[in-house]
Structures are given as C-alpha cells and as structure tokens.
Amino acid sequence: SAAEKDGHDWFMRKEIFEQPHAVADSLLGRRTPEGLLQLDEMRLSDQDLRDIDKIIIIAAGTSFYAGMVAKYAIEHWCRIPVEVELASEFRYRDPILTTETLVVAISQSGETADTLQAIRHARVQRSKVLAICNTNGSTIPRESDGVIYTHAGPEIGVASTKGFLTQLVACYLLALYLAQVKGTRFGDEIGQVMDQLDEMPGHIETVLGKAEEIYELARAHVGSRSVLFLGRHAGYPVALEGALKLKELAYIHAEGFAAGELKHGPIALIEEGLPVLCVVPPRGRDQLHSKMISGIQEVRARGARTLCLAEEGDDTVARYADVLITLPQVPVLLQPLVAAVPLQLFACELATQLGHDVDQPRNLAKSVTVE
Ligand code: G6P
C-alpha cells in the first residue's frame with residue numbers, strides 16, 4: 001500500500017529517499033570516545049588482520065560494484081593488494097588462497113548462492129572470511145569469521161539502492177579500520193575521513209533535492225534505445241552501476257565504460273544523439289579530471305549528447321555538457337555515495353514512465369539462491 005511506501009509509488013523510490021538515514025545509521029557507533037574506529041562484529045583479531053597479505057573481494061550484481069570501490073579505498077589507505085572478483089567466477093578457476101588471505105564477501109541479502117559457495121571454498125582453503133551484509137543472521141555472515149553489518153533496514157525493491165550506499169560505507173570503514181590496525185602512513189587521516197563520511201548524509205540529501213531535475217532528464221529519454229555511462233577511478237564502478245540500474249528497471253540497453261578505454265573501442269558506438277552519461281571526478285591535483293573532460297569532448301565531437309554529473313563549481317565541464325547535474329564537493333574516493341543517487345533516480349523514473357514494475361522487474365529476483 002501507499003502507506004508502507006511512505007506515500008511513494010514504489011518501494012525503490014522510498015528506499016532511494018531513505019539513503020541519508022541509512023548511511024547515517026551505518027556510520028553510527030563506529031568511533032570510540034578516543035576517536036578510534038571500532039567494528040563490533042569483526043571477530044578477527046588485530047594480529048590476524050596484520051598478517052593479511054592479500055584481500056579478495058567477492059560479490060555479485062550491485063554488490064560487486066561496491067567491491068570495486070572498496071579495492072580503490074583499501075589499496076589507497078592500507079597498501080594491501082586487493083582483487084575483486086565475481087562470485088560466480090571465483091571458485092571455478094582455482095584461485096590462490098592462503099591463511100594470510102582475507103576474503104571479503106559483500107552481499108545485501110546474505111543468501112546469494114554464488115557468493116555463499118565462494119566463501120565456502122575460501123574457508124576450505126583456511127582463508128579468513130569477512131562478510132559485509134545487510135541481513136542479520138543470514139547464511140553468509142553465519143558462515144564467516146566476522147561481519148560488518150550495514151544498517152540500511154529491509155530493502156524490498158529488487159534493484160539495490162540503499163543496500164549499495166551502505167555497502168560503500170562498510171567498505172570505507174573496513175579500509176580505514178585496516179589502516180588503523182596496520183598503522184600505515186594514512187593513519188593520521190582516519191579521523192579526517194570519518195569526519196568527511198559523517199557529512200555524507202547531508203550531501204546525499206542535497207542530491208535528492210534535485211530529484212525533479214533528474215526526473216525531467218529521465219522523461220526526456222523515454223525513447224532512447226541505448227545509453228552509455230562513462231566514469232574514471234571511483235566513478236567507473238558508478239558508471240557500471242548506473243548502466244545496471246537502467247538495464248534492470250527500464251530494460252534499455254546500457255553499458256558502462258572506464259572513460260580511458262573509450263579510444264580502445266567503445267567510441268565506435270558513438271552516433272548522433274546517443275545519450276552518454278558522464279560521471280566527472282572532482283577537480284584535484286591529479287589529471288583525472290582533465291582526462292575525463294577530454295573524453296567528454298571526444299564523444300561530443302562525434303555527436304553524443306553529454307549528460308554530466310560533476311561537482312559544484314566545475315566550470316570546465318559546463319562548457320561540454322548538454323545537461324549538467326551538480327554534485328556536492330567531496331573527495332574522489334567518497335564520490336560514489338553522491339554520484340550513484342542521480343543514476344538511481346534516473347532509472348527509477350525512466351522505468352516508471354515506460355510503465356514497468358519498478359519493484360519487481362521482469363526475470364529478476366531479490367536474492368538468487370541458485371548458482
Ligand atoms: C540479485 C539482485 C541484485 C543484487 C544481486 C546481489 O541479482 O537483483 O540487485 O545486487 O542479487 O545480491 P546480494 O544480496 O548478494 O547483494
């Protein structure tokens with residue numbers, strides 16, 4: 001009923017708007033009075049964690065994209081090598097697992113069969129297993145050595161939204177916690193990043209305030225047969241997630257690409273009027289931003305309609321954007337928390353306009369308990 005959906009038409013839309021809250025809840029109680037990070041159900045000792053020499057993240061669907069962001073965060077803050085692998089591929093290729101390997105399984109439901117079988121395989125090899133999960137007492141955390149619970153609350157919409165954002169939060173917390181335990185040179189920054197994380201619910205709220213603008217954009221694309229998504233760095237998994245949402249909900253052909261790979265193939269797809277959604281990294285000292293801008297110029301010169309998500313005050317991108325949606329200014333590693341939101345709203349509205357069942361897309365299940 002409408003009441004269960006807080007007056008929204010879909011659970012998914014309700015859950016998108018719950019994200020500031022879900023993110024805040026997932027950050028709650030993670031700091032001791034002394035300002036140290038604590039993860040209640042970690043259940044792996046600091047010594048175990050210090051011995052870890054490799055991390056393998058396994059997940060499926062949207063959770064896999066959270067894993068890609070986690071890799072960037074963990075390698076940057078902790079200097080531990082991280083692989084990210086689709087759960088369904090993992091055990092069939094005889095992966096290298098030792099007692100010093102930490103396997104991180106990310107699963108909103110905690111019941112995805114591919115992910116469950118992957119952790120079982122890892123445990124047989126005596127690797128340590130940590131779950132990032134939104135469902136208390138589900139199978140994956142029960143079979144893991146430790147768990148970081150996300151506090152998104154029940155997610156009803158089949159396509160994950162608040163589940164994804166809170167997984168990102170858990171991934172940042174894990175990365176920062178490992179940095180704290182290992183005492184890397186980024187140790188001093190932990191408190192600072194935690195403060196930045198605490199500001200994210202407000203930033204997500206700001207993005208949600210632009211919902212009408214995004215819906216209008218969605219309505220303008222009801223007739224599109226294909227949409228491309230480009231991103232770099234942490235914006236690359238966001239591009240993949242934006243494309244996945246559009247496939248899942250609107251049944252429109254959509255592909256996400258790393259912007260730097262355009263020239264190696266995907267640019268051949270560009271034709272007059274093709275919508276290309278560009279996740280622009282924040283301006284920084286590195287060349288990420290300028291490289292992204294040249295990618296945008298390239299596709300626009302070939303007729304693409306550039307729909308850009310870029311931080312407030314980014315005047316350079318404004319010159320090459322057919323449509324510009326601004327995001328709050330946040331560090332590049334945290335940008336997925338704000339950049340994913342317009343893409344969720346876009347897919348939700350486009351699917352609604354097309355008359356599809358947003359909460360129960362055809363052929364999909366909330367949790368896939370067969371391999
Ligand atoms: C299904 C859902 C997706 C979800 C994926 C992984 O395919 O439709 O939305 O991302 O499973 O689910 P999990 O519960 O393991 O995160």
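**Entry 1**

I count a residue as buried if 20 or more other C-beta atoms lie within 10 Å of its own. With that in hand, I opened this predicted model and went to helix α12, residues 235-250, where Pro237 sits. Pro237 has 29 C-beta neighbours inside 10 Å, so I put it down as buried. Setting aside residues up to four places away in sequence, I found that Pro237 touches Tyr65, Met68, Val69 and Pro336. I also checked the distance from Pro237 to Ala258: they are 21 residues apart in sequence, and their C-alpha atoms are 8.4 Å apart in space.

Leu240 is in helix α12 too. I got 21 C-beta neighbours inside 10 Å for Leu240, so this residue also counts as buried. Its contacts, again leaving out residues up to four places away in sequence, are Tyr65 and Gly256. Tyr65 was already on my list for Pro237. From Leu240 to Phe257 I noted 6.9 Å, C-alpha to C-alpha, across 17 residues of sequence.

**Entry 1: around the ligand**

Next I looked at the ligand. Which residues come nearest to it? Of the 16 residues around the ligand, they are Gly61, Thr62, Ser107, Ser109 and Thr112. I then sorted the shell by class and wrote down 5 nonpolar, 10 polar and 1 charged. Helix α4, residues 61-78, gives the largest share of this shell, with 3 residues.

**Entry 2: α8 against α15**

Back to Pro336, which I had met as a contact of Pro237. On the α8 side I listed Phe164, Leu165 and Leu168, and on the α15 side they meet Pro336, Leu337 and Ala340. By class this contact has 6 nonpolar residues, with no polar and no charged ones.

**Entry 3: α2 and its neighbours**

I moved on to helix α2, residues 19-27, and helix α10, residues 200-208. Their axes come within 8 Å and cross at roughly 170°, so I have another roughly antiparallel pair. From α2 the contact uses Gln19, Pro20, Val23 and Ala24, and from α10 it uses Met200, Pro201, Ile204 and Glu205. The class count for this contact is 6 nonpolar, 1 polar and 1 charged.

Which residues of α2 are buried? I found Gln19, Pro20, Ala22, Val23, Ser26 and Leu27. Looking down the axis of α2, I see these buried residues fall within an arc of 165°, so they line one face of the helix. They pack against α1 (11-17), α8, α9 (190-198), α10 and α15. Just after α2 I noted Gly29, with a positive phi of about 70°.

**Entry 4: positive phi**

Most residues other than glycine have a negative phi, so I went through the exceptions I had flagged. Asp94 is not a glycine, yet its phi is positive, at about 55°. I located Asp94 in the loop between α5 (87-90) and β3 (101-107). Buried or exposed, where does Asp94 fall? I counted 8 other C-beta atoms within 10 Å, so Asp94 is exposed.

I found Asn363 in the segment after α15. It has 6 other C-beta atoms within 10 Å, so I noted Asn363 as exposed.

Note on methods
Residues numbered from 1 in each chain as written. Predicted model: local features only at pLDDT ≥ 70, side-chain atom pairs only at ≥ 80, totals over all residues. Helix = DSSP H or I, 4+ residues; strand = E, 2+ residues; numbered from the N terminus. Buried ≥ 20, exposed ≤ 12 C-beta atoms within 10 Å, placed from the backbone. Contact = placed C-beta atoms within 7 Å. Nonpolar A, V, L, I, M, F, W, Y, C, P; charged D, E, K, R; others polar. Near = placed C-beta within 6 Å. Axes fitted to C-alpha atoms, helices over the stretch in contact; angles between N-to-C directions. Parallel < 35°, antiparallel > 145°, perpendicular 65-115°, else oblique. Arc of directions from axis to C-beta.
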